[in-house]
Amino acid sequence: MRRIFRDPLMGCSRVSTTCVIGLQWGDEAKGKLVHLLAEQHEIVVRYQGGANAGHTVVSGTETYKLSLVPSGILVPNVRCVITGGVVLHPPALLAEMDGLTARGVQIGENFMISDRAHVIFPWHLLEDRLLDSERGNGESIGTTQRGIGPCYRDKVGRNHAIRLGDLFRDNFPEQVERTVAAKRAALSGICSGEDLATLDVANIARDYQELGARLRPFAGDTTSYLLDATESGKRILCEGAQGALLDIDHGTFPYVTSSNSSGVGISNGSGIPGRWINKVLGVVKAYSTRVGGGPFPTEQDNDIGQQLRDRGNEYGTVTRRPRRCGWLDAVAIRYTARLSGVNSLAVMLLDVLSGLPELNICTSYELNGERTRNFPSQVEDLRRVTPVYETLPGWEEDISGVKARSSLPKNALAYLARIEELVGRPVEIISVGPERNQTIHG
Ligand code: IMP
């Protein structure tokens with residue numbers, strides 16, 4: 001007789017996994033949103049990227065800058081999980097944990113790190129610095145130089161990859177020795193003697209064993225933990241890092257990060273099957289920004305761009321680099337909202353636009369004499385598009401104290417309505433300032 005297996009999540013009524021995904025080039029203020037939503041969840045998951053991310057969270061009178069630790073750590077009774085999809089730089093992670101602990105934030109049972117997470121070593125930082133400027137086409141990616149790309153490359157290459165679990169094993173020093181020999185051989189032609197000298201086997205093995213010993217109490221199998229949590233109906237919030245346009249497979253390659261930063265990365269990074277994800281919130285800034293190289297069709301390298309930069313304090317959280325600023329690009333957002341399976345939108349930093357007499361939204365691109373709403377797959381085409389703008393009237397009022405959508409100025413409401421129409425998703429949350437009470441729901 002055939003045995004009948006019951007679907008553990010039959011009917012899906014018990015499934016409760018929500019994801020927050022940035023729909024532009026990162027820096028959409030996802031940290032504020034995750035912190036806000038964390039209260040309604042039991043687990044917050046960081047599943048891709050690494051210390052290239054920078055999330056600013058204002059909690060009461062305190063401002064926190066988080067990079068690897070999920071923003072949920074600031075919320076009591078929430079368990080924070082870093083999965084195997086993340087690339088970990090132990091010195092950066094421990095410095096962040098120590099900084100939080102010194103400020104009274106509890107990090108103990110409420111924190112778990114995957115022993116599958118790949119580890120960033122000094123050679124990755126060196127490679128990131130040397131190889132980004134070595135690109136043949138004259139324009140570097142402008143990485144955050146946190147070793148992200150080189151670490152993911154080793155993970156995919158499988159020869160020189162070291163995971164968190166490896167740090168706890170007796171043969172770890174030999175693993176470092178083999179890897180350093182290979183890295184030294186590969187880098188000797190492009191690296192100074194001084195740089196090569198930093199790749200010292202004994203020092204690295206000792207330092208990372210010590211760092212590993214500090215991380216060991218938090219290490220475990222997050223994949224199984226999250227599968228159990230999903231099947232027992234725990235409320236889970238997945239926190240995407242960077243933005244969907246930086247996705248390694250679907251973004252503006254090669255000017256992207258090395259992980260799947262769009263919605264497609266939630267499952268591969270966390271291990272939570274796609275069909276158990278029941279809500280994706282797409283986060284957009286009310287205008288556009290980009291850090292680093294690569295095409296940016298609506299960029300305003302002029303007074304408007306400077307005004308946006310000044311008013312929005314558009315300087316990188318991690319690198320402090322000035323961000324490139326421009327008009328909202330609805331072609332790009334429509335693409336990434338569809339790609340990420342977005343249900344609804346959160347529009348952040350709307351207050352930054354107050355006082356601009358007119359606002360442009362890019363509604364289509366002109367490419368080879370034709371209009372298109374499709375986002376080009378080739379970066380060369382994206383460089384050549386001419387954005388087609390629709391101009392909307394701006395508003396004068398300071399909206400940073402507005403509490404209800406209906407109290408927003410008529411022109412702000414029209415701007416939001418046009419975004420909804422162009423992207424094809426409702427705006428569920430509007431942010432008008434960094435504080436949590438500067439958030440409008442509905
Ligand atoms: P990487 O992730 O450091 O390799 O950098 C690749 C590209 O992604 C560069 O253009 C970075 O500026 C950009 N990038 C990486 N992380 C972030 C982020 O958190 N916000 C915005 N841009 C980012």
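**Ligand, pocket and aromatic pairs**

Biologist: Which part of the ligand is 3.1 Å from a polar backbone atom of Val-291?
Modeller: An oxygen atom of the ligand is placed there, 3.1 Å from Val-291, and this counts as a polar contact (N or O atoms within 3.5 Å). Please note that the model is predicted: local features need pLDDT of at least 70, side-chain atom pairs need 80 or more, and totals for chains, interfaces and linings use all residues. Residues are numbered from 1 along each chain as its sequence is written, and side-chain values use heavy atoms, without hydrogens and water.

Biologist: What about Arg-321 and the ligand?
Modeller: Arg-321 has a polar side-chain atom 3.0 Å from a ligand oxygen atom. For Gly-142, a backbone N or O atom lies 3.5 Å from an oxygen atom of the ligand.

Biologist: And how much of the ligand does the protein bury?
Modeller: The protein buries 96% of the 470 Å² that the ligand exposes when taken alone, by the Shrake-Rupley method with a 1.4 Å probe.

Biologist: Changing topic, which residues lie nearest the centre of the second largest pocket?
Modeller: Gly-85, Tyr-152, Lys-155, Asn-268 and Gly-269 do, out of 21 lining residues. A pocket is an open set of points on a 1 Å grid, with protein on both sides within 12 Å along at least five of seven lines, and lining residues have an atom within 4 Å of a point. The second largest pocket has a volume of about 310 Å³, the space filled by probe spheres set on the points.

Biologist: Which helix gives the most to that lining?
Modeller: Helix α9 gives the most, with four residues. Both α4 (148-157) and α9 (265-270) supply at least two residues; helices are DSSP runs of at least four residues, and strands of at least two. By class, the lining has four nonpolar, 13 polar and four charged residues.

Biologist: How many aromatic pairs are there?
Modeller: The structure holds eight, with ring centres within 6.5 Å. Tyr-335 and Phe-375 form a stacked pair, 5.1 Å centre to centre and 10 degrees between the planes; stacked means under 30 degrees, edge-to-face over 60, and tilted the rest.

Biologist: Why does that pair tie together parts that are 40 residues apart in sequence?
Modeller: Tyr-335 lies in helix α11 (residues 330-339) and Phe-375 in the loop between β17 (370-372) and α12 (379-384), so the pair joins those separate parts.

Technical notes
Polar contact = N/O pair within 3.5 Å; in protein donor to acceptor, adjacent residues only side chain to side chain. 1 Å grid on protein atoms, 1.4 Å probe; cavity = no way out; pocket = protein on both sides within 12 Å on 5 of 7 lines; lining within 4 Å. Nonpolar A, V, L, I, M, F, W, Y, C, P; charged D, E, K, R; others polar. Phe/Tyr/Trp six-rings, centres within 6.5 Å; stacked < 30°, edge-to-face > 60°.
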